[in-house]
Amino acid sequence: MPATSVIGAQWGDEGKGKIIDLATDRADVVVRFQGGANAGHTVIVEGNKFVFHLLPSGVLREDKLNVLANGVVIDPVVLLDEVGQFENRGISLDGRLRVSGAAHCVMPYHRVLDGLREGQKAGVVIGTTGRGIGPAYADKANRCGIRMWDLIDEDRLRARLAANVHEKNRLFTRMFESDPLDFDEMFEVARAQGRKLKPLVSDTGALLREALAADKHVFFEGAQGVMLDLDHGTYPFVTSSNSDSLGIAAGTGVPPRAIGHQIGVAKAYCTRVGAGPFPSELHDDRGERLREGGGEFGATTGRPRRCGWFDVPAARYAAELCGFDGLALTKLDVLSGMEEIGLVVAYEIDGETVESYPVDTPLIERAKPIVKMFPGWSEDVRAVRSFQELPATCRAFVEEISARVGVRWEIVSVGPGRESTIIREAP
Ligand code: IMP
């Protein structure tokens with residue numbers, strides 16, 4: 001059975017949680033392949049709100065196997081806390097969660113370093129989530145990281161942690177003039193975490209290849225979005241992983257051909273958290289209206305999100321880069337009641353009209369949006385369950401986005417609940 005992937009087509013926070021929750025209905029295995037506790041998926045099931053930072057969304061469905069694959073960076077504190085929270089609500093993860101031994105751990109010094117680097121007066125401030133994600137991936141690339149295999153093996157943990165704490169403490173005290181961290185305390189905490197997590201740790205690459213060979217339906221759950229991808233996003237204002245479908249094979253240990261049917265998720269408008277270029281940003285009361293109407297405050301940090309119109313060149317770039325098969329357009333209900341709705345169809349850069357997305361960040365910083373305005377609709381669309389019942393202006397808006405992005409719309413979401421969804425039949 002071909003796999004399915006759900007990927008954010010914008011700057012994250014596209015409403016992937018809900019789409020993933022819907023799509024995982026048919027999955028046997030749900031896999032996170034990149035990022036860490038910087039993500040924040042919100043899912044509402046029968047009026048109950050669940051917010052995940054690290055766990056795959058399949059944990060809400062009892063019969064799914066959930067995998068944190070090798071490409072994820074795992075903060076053991078967060079992982080143990082989330083497992084505990086689910087168990088407190090009566091949802092057992094026994095036998096339903098596997099963690100890759102090759103996944104790297106986010107250690108206390110990564111969080112400290114994230115904060116210190118962001119607090120520097122000189123250099124670029126990214127506006128990170130402060131979860132230690134960048135420093136953990138940097139150690140992975142530097143080959144000094146602590147993997148889950150190390151965390152669950154006391155001798156390996158002691159040796160690798162000692163080397164890291166020694167190096168980081170010199171950095172903290174000498175370069176940042178900050179306090180050193182205590183090795184003994186950190187080791188004791190990490191050793192206890194390793195003991196608790198040991199039963200979950202395995203070679204998840206082999207597990208996933210076997211699942212695919214056995215015709216199981218594997219589902220790859222993206223975090224963040226294409227425009228935050230380390231290689232293909234608005235560098236340096238990006239996260240530190242390949243947060244699009246290009247990261248799936250490397251982040252899981254499955255062959256690239258296994259990626260399967262890809263759904264790109266985009267909001268009917270755009271948001272961005274943190275610093276970096278955002279050509280369609282609205283600095284007026286319309287931006288405020290989107291933020292309030294859409295509840296656009298970070299699930300992880302609570303920060304207000306920057307809001308703007310749907311950006312066609314950026315979404316088309318995302319679609320072409322990943323090869324999306326279908327588009328899920330979310331939060332259409334948020335636009336109800338707006339007199340006019342904008343669609344950024346091109347940019348003006350240095351006096352020229354540019355229709356494709358320029359990948360060099362200074363060019364995007366100079367891009368002025370060319371906006372096509374659409375008449376809005378006044379109806380509340382949250383109870384609508386078929387495309388034909390949507391107001392004509394709303395349908396036209398969806399069809400135009402789909403045509404301009406070059407991807408057939410498959411799902412339209414008109415409210416936060418599972419039921420507030422219009423799903424298009426396969427052609
Ligand atoms: P980091 O991933 O914490 O290093 O943050 C890098 C950039 O990615 C910052 O601009 C964050 O706001 C952004 N970012 C990270 N995770 C998310 C997410 O889940 N949604 C939206 N933005 C995110």
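This report describes the salt bridges and nonpolar cores of a predicted model.

## Salt bridges around Arg 61

The model holds 24 salt bridges. Two of the pairs involve Arg 61: Asp 21 forms a salt bridge with Arg 61, with the closest N and O atoms 3.8 Å apart, and Asp 25 forms another, with a closest N and O separation of 3.6 Å.

Asp 25 belongs to the loop between H1 and strand E2 (29-32) and Arg 61 to the loop between E4 and E5, so this pair ties together parts that are 36 residues apart in sequence. Asp 21 and Arg 61 are both buried. Arg 61 has a relative accessibility of 14% and therefore counts as buried, since the limit for that class is under 20%. Asp 25, at 47% relative accessibility, counts as partly exposed.

Asp 139 counts as buried because its relative accessibility is 6%. Lys 168 likewise counts as buried, at 3% relative accessibility.

## The nonpolar cores

In soluble globular proteins, nonpolar side chains tend to be buried together. The largest nonpolar core of this model comprises 72 residues. The residues with the most contacts inside this core are Val 218, Phe 310, Phe 324, Leu 332, Leu 335 and Phe 397. Helix H11 (residues 312-322) is the element that gives the most to this core, contributing 7 residues. Residues come from both domain 1 (3-101 + 201-261) and domain 3 (266-423), so the core lies between these domains.

The surroundings of Phe 324 can be listed individually. With neighbours within four places in sequence left aside, Phe 324 is in contact with Ile 7, Ala 9, Val 226, Gln 262, Ile 263, Gly 264, Ala 318, Ala 319 and Val 407.

Methods. Residues are numbered from 1 along each chain as its sequence is written. This is a predicted model: local features need pLDDT of at least 70, side-chain atom pairs count only at pLDDT 80 or more; totals for chains, interfaces and linings use all residues. Side-chain values use heavy atoms; hydrogens and water are left out. A salt bridge is a side-chain nitrogen of Lys or Arg within 4 Å of a carboxyl oxygen of Asp or Glu. Buried means under 20% relative accessible area, exposed over 50%, partly exposed in between (1.4 Å probe, protein chains only). Helices (H or I, at least four residues) and strands (E, at least two) are DSSP runs, numbered from the N terminus. A nonpolar core is a set of buried Ala, Val, Leu, Ile, Met, Phe, Trp, Tyr and Cys residues joined through side-chain atoms within 4.5 Å. Domain bounds come from an automatic or database domain assignment. Contact means heavy atoms within 4.5 Å.
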